[in-house]
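Please read the following walk through a single protein chain with the sequence and the coordinates side by side.

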Amino acid sequence: MSSNASFFDTRYLGRDIRAGVVVFFVAIPLCLGIAIASGAPPLAGLITGMVGGLIVALASGSPLSVSGPAAGLTAIVLGIIEQYGYGGLLYATVLAGLIQLGLGFARMGIIGAFVPSGVIKGMLAGIGLILIGTQVPLAIGHGADTEAGITTPGLLADGFSPMALTITLVCLAILAFFETPLAKRYPKLAIVPPPLLAVIVGVLMSLAMQASGAGFALSPEQYVSLPDLEGPASLLASLESPDLSYWLAPGIYLSAITIALVASLETLLSVEAVDEMDPMGRKSSTHRELCAQGMGNTLCGLIGGLPMTAVVVRSSANVQAGGRTPLASFVHGLLLLVSVAFLAFALETIPLSALAAILLFTGYKLTKPALIATQYRAGWQRFIPFVVTIVAILATDLLIGVLMGIVVALYFLIRAHYRSAMSMTMQGDFALLRFNSEVSFLNRQSLRHFLSRVPDDGHLVVDASATQFIDPDIREDLTHFIGGAPKRGITVELRGLDRHTATYTEAHKRRAAEPTSAQDTHWDGHQAKPT
């Protein structure tokens with residue numbers, strides 16, 4: 001179990017409330033932007049943020065992580081909506097939540113440790129590139145209903161808006177400034193979260209242009225749209241249910257598995273990152289966190305929300321703002337609920353181009369050149385799986401891309417093991433065959449090649465004193481060679497093999513029972529001498 005501080009720990013009440021307010025302001029543009037980037041209604045992102053704060057925070061295995069819609073799932077969600085509609089996405093999200101619950105109860109919170117780092121970074125980079133591609137239309141003035149079909153420069157130009165592009169560039173400049181050494185030297189400059197500041201500036205710019213009466217003002221479809229939200233009753237009426245008619249569609253189950261695996265992986269990575277930032281040095285229960293995420297995704301699918309994960313940006317904002325217990329995330333969820341139920345009109349003043357700028361910057365941070373350079377310097381065994389993962393994600397989909405990256409990483413692992421498992425040194429008619437830590441069936445061909453080089457009337461030393469594991473196939477080939485060695489006058493000396501199996505002892509007994517000749521070799525599992 002995690003070492004969470006108590007949810008109602010009054011020692012941190014003031015800190016947690018302040019942090020919850022900060023996280024709320026960071027979450028608003030991200031929830032809206034990710035929903036629009038996913039081809040979903042803006043309300044869906046806000047619903048997921050509410051569930052992440054009000055429900056998942058109570059069950060979470062991490063005291064500081066914040067859950068909500070994630071940029072890493074936008075490509076998956078967009079594809080599912082295009083194929084099955086929004087009702088199909090909700091059904092897949094419910095299934096994904098149940099899968100996560102199963103993973104949590106099965107104590108599979110360790111699965112993140114088995115995915116190579118290069119593949120994880122390739123997955124995030126691929127997501128970043130897709131995110132950039134989907135946000136370019138919104139950034140230059142297209143409405144949320146048309147951006148998914150924009151594929152050519154001509155179509156992009158048809159919806160171009162100078163005002164939308166100007167807002168995008170200004171917001172990008174604000175976000176980029178807060179990444180500079182100057183801004184980091186004065187942390188008080190970020191008293192207003194950069195994403196919120198970018199949105200405020202975008203809103204003020206659009207309002208000023210409207211007030212001026214100039215012809216460059218944004219049109220209604222270039223703003224966030226939350227239709228028919230006028231109070232708590234209308235919010236309840238706007239909730240959607242999953243389309244259960246897809247239960248016979250095989251593809252929906254693959255979609256659910258994809259959501260569950262990617263969301264779980266992103267959650268586990270986020271929780272690990274947040275644990276490193278925790279000033280109280282606590283360690284989260286990853287198994288419990290998977291259960292909490294499963295509960296959250298199941299509920300989101302039932303009431304019309306997007307799939308969720310634990311997210312780094314909002315979690316790090318929580319830590320930096322002084323959050324210490326899950327109460328901070330709960331406060332952020334409560335504020336999201338209040339804003340949607342009573343202040344929807346204010347959210348509809350946000351230009352889509354301002355949200356696009358936030359997600360463009362997020363996509364850039366996932367794919368920035370420094371990341372590529374770091375992977376390249378790490379060596380081919382990390383760089384090639386990284387590149388393969390990106391290319392495969394862009395060419396197919398996220399799950400296939402990750403699986404292909406893992407396959408390539410396994411190839412490098414097997415290749416490294418194949419080369420390092422054994423070595424042979426020869427001097428004249430003397431040969432030393434050394435087994436290293438583990439020797440598997442993959443090394444049979446190498447073993448046969450080395451044994452074939454031992455000359456007649458030679459002396460072979462097989463040294464397994466440092467070996468932890470020897471595959472039965474290897475033992476079988478070695479026993480077969482030893483059985484025929486006397487006929488070639490070869491002396492075989494074995495070191496350390498008796499620790500691994502009784503094969504050699506039994507082979508010795510069989511040889512001892514046979515008539516001997518001048519060419520026979522007797523051995524006791526350690527040394528063989530001609531008689």
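Asp 457 is found in the loop between α19 and β6, where helices (H or I, at least four residues) and strands (E, at least two) are DSSP runs numbered from the N terminus. Asp 457 has a positive phi of about 60° although it is not a glycine, and at 56% relative accessibility it counts as exposed; here buried means under 20% relative accessible area, exposed over 50% and partly exposed in between, with a 1.4 Å probe and protein chains only. Most residues other than glycine have a negative phi. Arg 107, in the loop between α3 (74-105) and α4 (117-139), also has a positive phi, near 60°, and with a relative accessibility of 55% Arg 107 is exposed.

Before going further, some conventions are needed. This is a predicted model, in which local features need pLDDT of at least 70 and side-chain atom pairs count only at pLDDT 80 or more, while totals for chains, interfaces and linings use all residues. Residues are numbered from 1 along each chain as its sequence is written, and side-chain values use heavy atoms, with hydrogens and water left out.

The strand β6 (459-463) belongs to an open sheet of four strands, whose order is β3-β4-β6-β8 and whose pairing is mixed; two strands pair if DSSP finds at least two bridges between them. At the edges, pairing on one side only, are β3 (422-427) and β8 (491-495), and the twist from one strand to the next averages 15°. Six bridges join β3 to β4 (residues 430-435) in the antiparallel sense, and Met 426 stands opposite Ala 431 in β4.

Two helices lie across this sheet. Helix α19 (residues 444-452) lies across β3, β4 and β6, running at about 10° to β3, whereas helix α20 (residues 472-484) lies across β4, β6 and β8, at about 145° to β8; axes are lines fitted to C-alpha atoms, for helices over the stretch in contact, and angles run from 0 to 180 degrees between N-to-C directions. In α19 the buried residues are Ser 446, Leu 447, Phe 450 and Leu 451. They cover an arc of only 130° around the axis, which puts them on the same side of α19, the arc being that of the directions from the helix axis to the C-beta atoms.

The largest nonpolar core has 49 residues, of which Ile 28, Leu 46, Val 224, Leu 226 and Ile 350 touch the most other members; such a core is a set of buried Ala, Val, Leu, Ile, Met, Phe, Trp, Tyr and Cys residues joined through side-chain atoms within 4.5 Å. A second, separate core of 34 residues includes Ala 44, Leu 95, Val 115 and Ala 260. Thr 389, found in helix α17 (residues 380-395), is buried with a relative accessible area of 0%. Beyond four places in sequence, Thr 389 touches Val 119, Gly 122, Met 123, Gly 401, Val 402 and Gly 405, contact meaning heavy atoms within 4.5 Å.

How far can these details be trusted? The chain averages a pLDDT of 83, with 89% of the residues scoring at least 70; pLDDT is the predictor's confidence in each residue, from 0 to 100. Where pLDDT is low, the predicted coordinates should not be read in detail.
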